[in-house]
Amino acid sequence: MKREMTGAQMVIQSLRDQGVDTVFGYPGGAVLPIYDEIFQQNDIRHILVRHEQGAVHAAEGYARSTGKPGVVLVTSGPGATNAVTGLTDALLDSIPIVVLTGQVPAFMIGTDAFQEADTIGITRPCTKHNWLVKETDLLSSVIHEAFHVATTGRPGPVLVDIPKDVQFANGLYTGPKPATSRYQPQLKGDIESITELVAAMETAKRPVFYTGGGVINSGPAASQLLRELVDATGFPITSTLMGLGSYPATGKNWLGMLGMHGLYEANLAMHGCDLMINIGARFDDRITGLISAFSPNSLKAHIDIDPSSINKVIRCDIPIVGDVAHVLEDILKIWKTRGRKTNGNAVTKWQSQISEWRKADCLGFSTSAKSIKPQFALERLQALTNDHDRYVTTEVGQHQMWAAQYLHFNDPNRFMTSGGLGTMGYGFPSSIGVQMAHPSSLVINIAGEASWLMNMQEMGTAIQYNLPVKQFILNNERLGMVRQWQELLHGERYSHTWSEALPDFVKLAEAFGAKGIRCHDPADLDDAIMEMINYDGPVIFDCLVEKHENCFPMIPSGKPHNEMLMGDAETQGVIDSKGSVMV
Amino acid sequence: MSALNIKKGTTKHSAYNLRPNFSDVDERHTLAILVDNEAGVLARVIGLFSGRGYNIESLTVAEVDHTGHLSRITIVTTGTPQIIEQIKAQIGRIIPVHEVHDLTIEGPSVERELAMLKVVGSGDKRLEAMRMADIFRANVVDSTLNSFVFEINGAPDKIDAFVELMRPLGLVEIARTGVAAILRGE
């Protein structure tokens, strides 16, 4: 059906037809016609953020907690450039985001016009794809294609740049018809390779599932199928930061997170396995450690929808290109028809070996009666929020790793964190996006004080829309993770890793009209956390924690999985000069 | 080219060789990429190479299907087999890219390049340049009393050889198109 309307009306109609209910944005000169249309309708809620980076992270939180694409609307020039960090974040974590940017009128492009930037050029490397639309007749089909590209295959951020004259002009509106799109990634895996994997599973003595964000991106069915496969085979399972929740932390085969700050038993299982089944993870350097010593004696299978992930870093023996849910379905089907076989005795022995490793209690820490240990704070938060309908976001640093270690996730789409890019300032706006999508759920952002300050302007957004997001700040007055590295690598010369001028977070909360809670005594912690949970509105929780606590266990950079540092480790000189080059 | 004897991929449904041999030796591969002829598509391909640190030895691009708005990009690149596979997979991810062909693996293929050389000189040098041009089947496309512009086409090696011969004979300027390549019949 084709109808004539203005470009600005097309934007709204396209969003409507894509089922969009929420847009995060910030107005400006080059998007005024679109904002005028937003003003005249009630189908789509517009959330006014306080900075464009916040809009993109909020959309990411919305997308990751719902599985639907997040939508952002910003103006040209600085509006677009402020969105770049969020786009890059979404690209590295494969989050479906559609960013609409205004642009100077098409006839002024290239003249260095006011608030002109080469948005397409700037965002080309940080989007899955982007489009500059110069004709109003093409606008709606481009927006529909943008949604298709963002959400199909390996998801990612896309951007549509719309010159102001295109928004004003009349054109013909076209509805969505994704079947005709040129972009159609392969969903089904190659059956021969899948059969090869099943055969390997039948004989494996020390198998391990290594899962990642791809399981969550594939949708709820993938998590269900994963649970069925893990429970039926009895193989142990670990997950990257990005995949937490796809298999429940309460599940009996759960090893915990792996990687640089992953659990001892998870990393040793990866190192010692004879069959590694990578499902939707990408052998990130936080996971592999020293490549040449990575899981030296295993057959490696890799299921990924993106062919470029395969053999990028780690040589893979059984490559399977396809969507996780589709492939898992086929694995289960073939494994069942072949008689549901596993190498039972050997796997039981493997499990008891893992139980031995588990006894190391790598997450153990010494509590203190005088100060709050950050690990203790998260342990208490976990205990007091476990029964809630809870969503957690994080900023980036020590607190992020502690959150991954001490909070338990039993469902996908419940843990939103900046994994690939490591964007400080991600968590707070992300929690706003999550709360918009889940208004009656408990949404907590685990933060460090330094990360949190990077996007603190979004307090205004939380207040304006009455979003009861809980900002749980583990305040050590340090850039904790950087400080830890300076301790390990740079002779305890703490160059610029502490803040001398932190705000009073309680007063800051009050200044915005939110509630502020401060806690420094371990004995008061439970009551304070309950006060935060029970308050109906945004809370800044200033949790003053032990200042020089290090995050363990840790695989120092340049080391393999079986050379981990544990909590009481001697930390000087553990990273050699080669390792210190890596971050 | 066929001496490289690289195993073809065993995953039938994929355009990529997902089970390559992992040698550390750099190889030269010629890729033919069919793309939608739209604004910025070349920037996407080139940006991929610079952004991820891959080499481009030669690059040519032109529209090959006017009604279908398709262009063909021919890239000559070098890298270890793992890098070459990664390059192809990364190019394949670009939305306007329809097909990625590794002519070095899919071959045998024919490679041709066109070059124009301006040679300035007089007397014996001028005669010698003319004689060499004859041997290499180069054409004279412009001439003055003390200069020639030769046009030569052929495999890049042949052009390299001709360029080296012309250097002492008064070569002042070279323009090369870069490699265009196509698989042999069937």
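Across the interface of chain A and chain B the rule finds 3 salt bridges, a salt bridge being a side-chain nitrogen of Lys or Arg within 4 Å of a carboxyl oxygen of Asp or Glu. The model is predicted, so local features need pLDDT of at least 70 and side-chain atom pairs count only at pLDDT 80 or more, while totals for chains, interfaces and linings use all residues. Residues are numbered from 1 along each chain as its sequence is written, chains are lettered from A and ligands numbered from 1 in the order in which they are written, and side-chain values use heavy atoms, with hydrogens and water left out.

## The contact of chain A and chain B

One salt bridge joins A:R182 to B:D36, with 2.6 Å between the closest N and O atoms. The elements of chain A that give two or more residues to the side touching chain B are β6 (129-132), α9 (191-203) and β14 (318-321), where helices (H or I, at least four residues) and strands (E, at least two) are DSSP runs numbered from the N terminus. By class, that side of chain A has 8 nonpolar, 6 polar and 11 charged residues; here Ala, Val, Leu, Ile, Met, Phe, Trp, Tyr, Cys and Pro count as nonpolar, Asp, Glu, Lys and Arg as charged, and the others, Gly among them, as polar.

In total, 25 residues from chain A and 20 residues from chain B take part in the contact, contact meaning heavy atoms within 4.5 Å. The area buried between chain A and chain B is about 2,100 Å², of which carbon and sulfur atoms give 50%; buried area is the accessible area (1.4 Å probe) that two parts lose on being put together, summed over both. In chain A, the residues that lose the most area to chain B are A:R124, A:R182 and A:N311, which together make up 26% of what that side buries.

Chain B has 5 helices and 9 strands, which follow the pattern β-α-β-β-α-β-α-β-α-β-β-α-β-β along the sequence. Of its 186 residues, 44% count as buried, that is, under 20% relative accessible area, with exposed over 50% and partly exposed in between (1.4 Å probe, protein chains only). Among the contacts in chain B with a separation of 6 or more, 71% come from residues 24 or more positions apart.

An automatic or database domain assignment divides chain B into domain 1 (22-106) and domain 2 (109-183). Taken over C-alpha atoms, the centres of these two domains of chain B are separated by 28 Å, and 10 residues of domain 1 are in contact with 10 residues of domain 2. Across this domain interface the rule finds 1 salt bridge, and the side chains of B:R28 and B:E111 meet in a salt bridge at 3.3 Å, N to O. The elements of chain B that give two or more residues to the side of domain 1 touching domain 2 are β1 (27-36), β2 (58-65), β3 (70-79) and α3 (103-106), and the residues of that side divide into 3 nonpolar, 4 polar and 3 charged.

## Buried elements of chain A

Helix α21 (residues 480-489) of chain A is largely enclosed by the rest of the structure, because 9 of its 10 residues are buried; among them are A:R483, A:W485 and A:E487. A:G491, whose phi is positive, near 60 degrees, follows α21(A). In helix α2 (residues 32-39) of chain A, the buried residues include A:P33, A:Y35 and A:I38, and the buried residues of α2(A) pack against elements of chain A including α1 (7-17), β4 (70-74) and α8 (164-168).

A:L474 is found in strand β18 (residues 470-475) of chain A and counts as buried because its relative accessibility is 4%. Not counting residues up to four places away in sequence, A:L474 touches residues including A:P374, A:H399, A:E449 and A:C543.
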